[in-house]
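Q: Please take a close look at one part of this model, going slowly for a reader who is new to it.

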Amino acid sequence: MVIRWGLIGCGDIAEKRVADAIIRDSNSQLLVACRRDEEKLVRFAERYGVEHWTTSAEELIAREDVDAVYIATPVEMHAPQTASAAAAGKHVLVEKPMAMDSTQCQLMVDLCQQAGVQLGVAYYRRFYPVVARVKELIRSGVLGRPLSILATTGNPNRFSKDDWRVVRSQGGGGPLMDIGSHRLDLFLDLFGEVVDVKAMCARSPVYEAEDMATLLVEFKAGQHGVLQCYFGTVDTPDRLEVIGTDGRVTIEDLNEGSLLAVTSEGETRECHPPHENFHAPLIADFTAAVLRQTEPAVPGHVGLATNDIIEAAYASFPVASPDA
């Protein structure tokens, strides 16, 4: 059996990776694509050889020949489009962050469970070999007792003030939602449940949303986590570091995959690059879950846990608009 996909939202991420990942997956077929801009949609369909296309998400979801939908629209649309897809009996793989807030995330989880369809969230960095290696080092005990995890990341784009990524009513927030969510998902993957969150979010002079956020989290097991994320930085590392009593492991560029481990035995350098298409393992995992009727690696309740942290962060340091 082949999973027949409908792709809702054919913008940047779909162009870069999602369409190609679906097309190249042996268990998938990209059957229909949707975008509001018809001219751009036609070019997209021609580029990827998509036979069917529509400017209506409702029309795509209603098609009886669609088994699963990939939702790559602005965050404000994730919950309503997931609800519609679940009601139509479609499996859903939704872009990150999962939704605008935890209430919407929980609704998505509940509706998909009630409909008997799979719900996955596109936190594709969980599939990086270098992340698996860090997890292995933690579990092996070579780092001693884990103490903390730190991540620093930025996006160099200088968005226009009406871009959905910096309009809270459309994207839910700024860099904390857009790129910080990826690193918080890794925090949960590597260190487990978060029990306390403190945050500072910079009030942007231009955007409605923040353009910088710093979080301090406490994990259930007692370790600490620190996240710094930015919009508009020319040179920001995509850094992840785990520190333990007996050593540390540092990755300067997550998307590249090189790792430095420092222990009592000395320094070792390793390279564990990701798949050339970051989304390919995510798509493969989700289609396998649908076919086997098992939970995907990043199910809805996992995406909800990340949104819980973000919601707590914004609650602890509310962001005012630049005109306030």
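How far is the sulfur of Cys10 from the closest cysteine sulfur, and in which residue does that closest sulfur lie?

A: This is a predicted model, in which local features need pLDDT of at least 70 and side-chain atom pairs count only at pLDDT 80 or more, while totals for chains, interfaces and linings use all residues. Residues are numbered from 1 along each chain as its sequence is written, and side-chain values use heavy atoms, with hydrogens and water left out.

The closest cysteine sulfur to that of Cys10 belongs to Cys34 and lies 6.9 Å away, which is too far for a bond, given that a disulfide is defined as a pair of cysteine sulfur atoms within 2.5 Å. Cys10 also counts as buried, with 1% relative accessibility, where buried means under 20% relative accessible area, exposed means over 50%, and partly exposed covers what is in between, using a 1.4 Å probe and protein chains only.

Turning to another cysteine, Cys201 is in no disulfide either, and the nearest cysteine sulfur, that of Cys229, is 7.8 Å away. Cys201 is likewise buried, its relative accessible area being 2%. By the distance rule, the count of disulfides comes to zero.
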